[in-house]
Amino acid sequence: MGLPKQDPSFQRVNFTLKEETPKLKVVDGQGQQKREGRNSGNKENIDNRPNRFFYRVSNHQELFKIGRSFYEDYISGVKSFAVSSTGYQTSQQKTILGLASFFDHKDDFKIAIISDNLAQGAFGDIVSISKDIPSDLFSEKYELNIKSFYNHFDFINLDEILKLSNDHELGEYDNVFDHIVDHYDLVFWDVPELHKIQLDSEVYFPMIMKFESISIIVSKQITKQSDVDELKQFFLGYGINMKGLLFEERNFLEDSIKESDNDGIKTVKKRNWWRRFFN
Amino acid sequence: MKKLNLVLHETTILNFPFMGTLLRRYWYLAITIPTIIFSISIFYFNDQNLIHKRSIFFSNITEDNTGPSSVMSAVLGDKKNGLSETDIVGILNSLDFQQKFAEEVYSHPDFRKIDLNSISSKEKFNMTQFLEDCNKDKQCIYKKIRGAIFSFVAIIPDRIVSTRFSLQVTSRDPFTTTFLLKEVAKYISKNRVDTIKHKIEDQIAVSKQLLNEKKSELGAFHIDGLKNEKKALTERILEVKSKISSYNSFFHRLKLDLDLMETKVKETKKATKNDVETDKILAYQQRKRLEEKIRKLESDIGAIRVVSQDLGQEDEQILSQLKEELRKLQLKLVGMGRKGRSVSSDVQFLNRKEGESNFTEFDYKVKKEQFEKTKKDYDALIAHKEELSQKVSKVDSKIDEILPSFEYIKLLEEELVQLKLMNSTVVSDLKFENELGPKSSFKKLSKVKTFLFSFVSSLFLVLAIVILLYLMDDKIYNKYELEKTFDDLTIIGNTPDFD
């Protein structure tokens, strides 16, 4: 994920959702051009932006299915999507990245990904190669560190937003969140773990209030029914629309095992038949 | 509850596809439990004693219902006294039988060679050790022997032929099996002969007692005298009946005559009592005179016509005067009508009856006297006949009263003879075949049964444990379970996976 391609000539956003071999390619290009094009309305500039990075999704049909579901919600007016789980940050991040890529492919959306864990997990690699962009959300005094991944998505640190929202000089309690949600076409919230929110609920409350839809990731053989119920009840208690459940089938008991050989090339080795049968 | 709904199915009770999923999920149990159960079963199977079984067939010959006579007897409701299937199967349960057999087998020279340990016992059998608890107490020894032996022996009815049975002996020692089979078969036959003889002897005793009682009861009666008396009375009745019959016809004839005479006398008296009136007599005399005159005139006129063919005037005048007078007389007679006509017969009848009257009354009196005498005799005969009939019926009732007892005595005497004959020729009603059945050896729980038991118990245990684990397991394993568990939420899809 987030591997730099060797050929720099790939400078287009190339989603191959409809290809027979499903491969989602998010190709890096001149992100600045996209931003400029978006701001100036120059369509030609957007189409010609160069791409350098390539994302590959193995279950492409599933991404298309869930992406379409979220897209229908977007069409009906929902723009702030929260993704939660019972402690699987990586799964949350992967899902958000997949959805953001889907929306990015669909149209020229301004997409924000807000997480308190940008340096680790699935975001880690992408954020590390993302560029800092000047924040024009607030005044210069209250600067927000935004990292743009080649103008496809903007990564915002949740902790920074929470800090800003506690600054009384900035205005009302949830002004910061209003600004962010208003500024972007789509906002994906990488929801922190439930116990964190419960410990400091007054801090996280304005964030929760901005969720227009929440999806919970259920991990195969790991997630417990009682945990999902707790999570569901918690958010339903705030009156947040429960979009549904996302099922994560691949974990440490996944069907195929990746192995690296001496040359560093990853190969896929099929699990023994009996292990597949008894799983 | 939602989890239980997943396990259950509305048609097949258990959701078998899901059971398959659970078995694959808890595969270690699905392998371990059957392995343990099959291992235990194999060990148990191998550890079992080899059981030796042998049998001999026998038939209940008194209950052979295949012949036509027995079928007809059954239709007519005749009950046979032979052993029923239950009786035969239960022979071995009789404590008397077991006790006597134990006594007999104890005295057998081969008794010490037999193995009386139970089929499942693993220990080596030692007869001395087996009997040492009893301290040579015979009753205790017999009790122990019968307890051990009769757990090996059984009588099994044949499935097809209702009168056929098999005596089966199963023990862990082949010699014991054959020995017991022969001895028990022999003893059953002997026991049956003894039982039948005992039964017949009892019947003979009872029949004799009954016969004596009946004979003493009927000692006061002489049935032959009663029969002779009845015969004599019947003959006398026949005679009286014959007399009554002849008296009856004479009496009826006499009665008719008497009735006729009575009427005659009555009518004569009545006629003589009624006098003829004078007017009637005068009219009668006048009619008589007129009739005489007319007759004379007619003869005169006829004579004149006959004498002269050519009448003169004078003659003519006379003739016409005569005719005129005849005409006048005729008119007068006609003018009288029926007056004086019947008086003539009345007068004649009266004159005649006055002459007969005295004879008729006399005859009537004679007849009446005769009739009364005859009637008296007839009534006496009837009464005598009634008396004789009553005597006959009394004799009859006496005979009827004692006749069954006589018949009963006759039957008892016949029965006694038959019983004595039967007692001297009695044979066993259970006929054993000469050849013993083949020897067979097997284990108590067969291979197939062991396998089936292991299979079923493994399946049951695995399913039960797997379902229990599933119900206690809070984790979610697949999308199907997720959908069923959170049926109020939409399952959007799978999370994207990046290579």
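What follows is a chat about a predicted model with chains A and B.

Visitor: Hi! Which strands make up the open sheet, and in what order?
Guide: Hello! Nine strands form it, running β7(A)-β8(A)-β9(A)-β6(A)-β10(A)-β5(A)-β11(A)-β12(A)-β8(B), with mixed pairing. This is a predicted model, by the way.

Visitor: Which strands stand at the edges?
Guide: Those are β7 (131–133) of chain A and β8 (491–494) of chain B. Each has a single partner strand, so one side of each is left without a neighbour in the sheet.

Visitor: And what does the twist average?
Guide: From one strand to the next, the twist averages 25°.

Visitor: How many bridges join β12 of chain A to β8(B), and do they run parallel or antiparallel?
Guide: There are three bridges, and the two strands run parallel. β12 of chain A covers residues 242–248. Going residue by residue, A:L245 sits opposite B:I491, and A:F247 has B:N494 as its bridge partner.

Visitor: Staying with the two chains, how many residues of chain A are in contact with chain B?
Guide: On the chain A side 37 residues take part, and they touch 22 residues of chain B. The elements of chain A that give two or more residues to this side are α3 (60–75), α4, β11, α10 and β12.

Visitor: Which one gives the most?
Guide: That is β12(A), with seven residues. By class, the chain A side divides into 15 nonpolar, twelve polar and ten charged residues.

Visitor: Let's move to helices. Which strands does α4(A) lie across?
Guide: In chain A, α4(A) lies across β5 (80–85), β6 (111–115), β9 (153–157), β10 (186–190), β11 (213–219) and β12. It runs at about 170° to β10(A). Helix α10 of chain A, residues 225–237, lies across β5, β11 and β12 of that chain, at about 175° to β11(A).

Visitor: At what angle do α4(A) and α5(A) pack?
Guide: The angle is about 55°, and their axes are 6 Å apart.

Visitor: What about the largest nonpolar core?
Guide: That core has 57 residues, and those with the most contacts inside it are A:A100, A:I113, A:F188 and A:W189. Helix α4 of chain A, residues 89–106, gives the most to this core, with six residues.

Visitor: What is A:W189 in contact with, leaving aside its neighbours within four places in sequence?
Guide: Its contacts are A:S80, A:F81, A:A82, A:V83, A:I114 and A:F211.

Visitor: Now chain B. How do β4 and β5 of chain B pair?
Guide: Strand β4 (residues 153–157) and strand β5 (residues 164–171) pair in the antiparallel sense over five bridges. A hairpin of six residues joins β4(B) to β5(B), and B:I155 stands opposite B:L167 in β5(B).

Note on methods
Residues are numbered from 1 along each chain as its sequence is written. Chains are lettered from A and ligands numbered from 1 in the order in which they are written. This is a predicted model: local features need pLDDT of at least 70, side-chain atom pairs count only at pLDDT 80 or more; totals for chains, interfaces and linings use all residues. A nonpolar core is a set of buried Ala, Val, Leu, Ile, Met, Phe, Trp, Tyr and Cys residues joined through C-beta atoms within 7 Å. A residue is buried if 20 or more other C-beta atoms lie within 10 Å of its own, exposed if 12 or fewer, and partly exposed in between; C-beta atoms are placed from the backbone. Helices (H or I, at least four residues) and strands (E, at least two) are DSSP runs, numbered from the N terminus. Two residues are in contact if their C-beta atoms, placed from the backbone, lie within 7 Å. Two strands pair if DSSP finds at least two bridges between them. Axes are lines fitted to C-alpha atoms, for helices over the stretch in contact, and angles run from 0 to 180 degrees between N-to-C directions. Ala, Val, Leu, Ile, Met, Phe, Trp, Tyr, Cys and Pro count as nonpolar, Asp, Glu, Lys and Arg as charged, and the others, Gly among them, as polar.
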